[in-house]
Amino acid sequence: ARLSTTFRFEAGSVRLDAQSRSNVQQLARALELGQYDARRLLFVGFSDGEGAARANREIALRRAEAVRRAVTTAAVTVNLDRVTLDVDAFGEAMPMACDDSSWGRQANRRVEVWVR
């Protein structure tokens, strides 16, 4: 299952936007409350289609790692032995929007959280 929470980034950046920083706090709180105990959360990074595919996958992976790090830092009371937090990246594959506009590229620069 995919969480409805999505984390967004500026072009070429691994810095979370303001809404995403709020989303980090919400996910951290859910982890602290044990909502995902005995589950696997996979932070999956994506990029827009600008640039080389390899570079896009690399920045997408760095974004996924940044979100995982932010969530674990914010979840100060979580027992990380109770949940698995992994990262993966697909780069420019699986776009959410058309990459022909700045809005579309912004929508494609994201990290999703998949729960298993």
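## Contacts of F7 and N23

Leaving aside neighbours within four places in sequence, F7 is in contact with L16, S20, N23, V24, L27, V67, R109, R110, V111 and V113, where contact means heavy atoms within 4.5 Å.

## Basis of the model

This is a predicted model, in which local features need pLDDT of at least 70 and side-chain atom pairs count only at pLDDT 80 or more, whereas totals for chains, interfaces and linings use all residues. Residues are numbered from 1 along each chain as its sequence is written, and side-chain values use heavy atoms, with hydrogens and water left out.

## Overall fold

The protein has three helices and four strands, and read along the sequence these follow the pattern β-α-β-α-β-α-β. Its radius of gyration is 14 Å, close to the 13 Å that the globule rule gives for 116 residues, so the protein is as compact as a globular protein of that length; the radius is taken over C-alpha atoms, and the rule is 2.2 Å times the number of residues to the power 0.38. Along the principal axes, the C-alpha trace spans about 40 × 25 × 20 Å.

Of the 116 residues, 42% count as buried. Among contacts with a separation of 6 or more, 73% are accounted for by residues 24 or more positions apart. The accessible surface comes to about 6,100 Å², of which 49% belongs to carbon and sulfur atoms; accessible areas come from the Shrake-Rupley method with a 1.4 Å probe, and for residues only the protein chains shown count as cover.

## The nonpolar core

The largest nonpolar core contains 22 residues, and of these F7, L27, Y36, L41, F43 and V67 touch the most other members. Such a core is a set of buried Ala, Val, Leu, Ile, Met, Phe, Trp, Tyr and Cys residues joined through side-chain atoms within 4.5 Å. The elements that give two or more residues to this core are β1 (2-8), α1, β2, α2 (53-74) and β4, and α1 gives the most, with five residues.

## The aromatic cluster

A search of the whole structure finds two aromatic pairs, a pair being rings of Phe, Tyr and Trp (its six-membered ring) whose centres lie within 6.5 Å, with planes under 30 degrees apart counted as stacked, over 60 as edge-to-face and the rest as tilted. F46 and F90 form a stacked pair, 5.9 Å centre to centre with 20 degrees between the planes. This pair links distant parts of the chain, since F46 is in strand β2 and F90 in strand β3, 44 residues apart. F46 is buried, with a relative accessible area of 0%, whereas F90 counts as partly exposed at 32% relative accessibility.

The rings of F90 and W114 also have their centres 5.9 Å apart, but their planes are at 35 degrees, so the pair is tilted. Here too distant parts of the chain are linked, with F90 in strand β3 and W114 in strand β4 (residues 110-115), 24 residues apart. W114 counts as buried at 18% relative accessibility. F46, F90 and W114 form one aromatic cluster, and R110 lies over the face of F46, at 3.9 Å from the ring centre; for such a placement, NZ of Lys or CZ of Arg is within 6 Å of the ring centre and within 35 degrees of the ring normal.

## Loop residues

Most residues other than glycine have a negative phi. A38, however, has a positive phi near 65 degrees; A38 lies in the loop between α1 (18-32) and β2 (40-46), and is exposed, with a relative accessible area of 74%. M94 likewise has a positive phi, near 60 degrees; M94 lies in the loop between β3 (84-91) and α3 (102-108), and is partly exposed, with a relative accessible area of 43%.

D81 is found in the loop between α2 and β3 and counts as exposed at 75% relative accessibility. D81 and D37 are 44 residues apart in sequence and 8.8 Å apart in space, C-alpha to C-alpha.

Definitions and conventions. Buried means under 20% relative accessible area, exposed over 50%, partly exposed in between (1.4 Å probe, protein chains only).
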